[in-house]
Amino acid sequence: MTVSLIIPTWNGGRLLDELLTALARQTLMPEEILLVDSGSTDGTLETIQRHQAGNPRLRLLRIPQQDFDHGGTRTWAAQQTTGEILICMTQDAIPAADDALERLIRPFRDDALLAATYGRQLPHPDATLFSEHLRLFNYPAQSRLRRREDGAALGIKTVFISNSFAAWRREPLAAQGWFPQRQLFGEDSLALAKLLAGGYHVLYVSEALVRHSHNYTLWQDMQRYFDIGVFHAGQQELLLRFGGPGGAGRQYVRSELALLLERRQCQLLPEWFCRNAGKFIAYQLGRRQHLLPRGWARRLSMNPGWQGWA
């Protein structure tokens with residue numbers, strides 16, 4: 001199988017340099033590594049060019065910042081490549097082992113209906129407890145194969161995947177229309193939902209490891225959950241097809257509280273309460289963003305430039 005790796009970049013800073021250095025050590029080297037930069041101004045282009053000097057497989061394409069679109073840009077980038085397997089990464093996801101890419105794509109050899117895999121995201125060393133918990137909750141230590149039929153038990157978690165570190169089989173991804181355009185986020189989950197509905201499988205590969213986390217402030221957490229609410233409201237058909245969100249939110253809150261108590265971090269309980277209350281309120285506002293006064297959604301979102309805002 002031939003492999004292409006796609007990485008969108010924008011002001012990648014130190015972490016992009018770490019990523020490109022780590023990729024050079026991988027036991028599996030993709031036939032091509034395509035970086036698509038959308039107007040970096042912080043030295044990202046110089047970092048890429050420096051790594052290009054030692055790696056002829058690394059290619060750079062540039063687009064205007066206003067043209068970046070989570071789904072559309074990744075689709076366009078994929079169409080510039082030739083790999084049978086397409087690995088998607090973000091500039092701040094750093095391989096935590098030299099065999100991360102190899103482990104991520106190995107399962108494609110054994111399952112012809114496997115359309116996508118995604119790896120385990122560990123927190124960065126500087127992650128806060130709240131950031132660490134998000135990774136522990138979403139990326140457990142056990143691998144799992146999921147099919148369309150798992151929707152009854154898993155709900156919307158059936159279509160969970162992250163293009164921060166995921167691999168896609170090119171042929172079925174292209175056949176179902178690649179990644180959807182003009183999405184606030186979640187282009188990966190929407191593509192996966194179509195693939196699962198078509199009878200394909202997805203595998204969470206817990207042995208394929210990267211480090212990727214964000215230390216969001218309380219306000220950033222609220223913005224993120226506002227966007228999740230917008231996404232869920234706009235994808236009612238998807239949610240109903242796979243059973244809906246279910247009790248995932250309640251499970252998350254209880255799990256985070258248990259981790260706080262286990263670590264004896266009781267001084268963080270007020271912040272835990274404020275964060276989760278804020279996220280709940282922001283999520284509900286996101287689901288009802290069409291009722292908000294004009295311009296509020298842009299201020300509440302992490303993505304004020306999204307083309308879908310009125």
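User: Which residues of helix H1 are buried?
Analyst: This is a predicted model. In H1, which runs over residues 13-23, the buried residues are Leu16, Leu19, Leu20, Ala22 and Leu23.

User: How are they placed around the axis of H1?
Analyst: They lie on the same side of H1, because the arc they cover around the axis is only 160°.

User: Switching topic. How many cavities of 30 Å³ or more are there?
Analyst: The structure has 1 cavity of 30 Å³ or more. The volume of the largest cavity is about 110 Å³.

User: What lines the largest cavity?
Analyst: Its lining has 13 residues, and Phe130, Ser131, Tyr216, Asp221 and Arg275 are the ones nearest the centre. By type, the lining splits into 4 nonpolar, 4 polar and 5 charged residues.

User: Which helices each supply at least two residues of that lining?
Analyst: Those are H5 (129-138), H9 (218-234), H11 (248-262) and H12 (269-287).

User: And which one gives the largest share?
Analyst: H5 does, with 3 residues of the lining.

User: Staying with H5, what about His133: buried or exposed?
Analyst: His133, which is part of helix H5, is at 2% relative accessibility. The cut-off for buried is under 20%, so His133 counts as buried.

User: What does His133 touch, not counting residues up to four places away in sequence?
Analyst: On that basis, His133 is in contact with Tyr252, Ser255, Glu256 and Leu259.

Notes: Residues numbered from 1 in each chain as written. Predicted model: local features only at pLDDT ≥ 70, side-chain atom pairs only at ≥ 80, totals over all residues. Heavy atoms only, no water. 1 Å grid on protein atoms, 1.4 Å probe; cavity = no way out; pocket = protein on both sides within 12 Å on 5 of 7 lines; lining within 4 Å. Points joined across faces, edges and corners; volume = space filled by probe spheres on them. Helix = DSSP H or I, 4+ residues; strand = E, 2+ residues; numbered from the N terminus. Nonpolar A, V, L, I, M, F, W, Y, C, P; charged D, E, K, R; others polar. Buried < 20%, exposed > 50% of the residue type's maximum accessible area, 1.4 Å probe, protein only. Arc of directions from axis to C-beta. Contact = heavy atoms within 4.5 Å.
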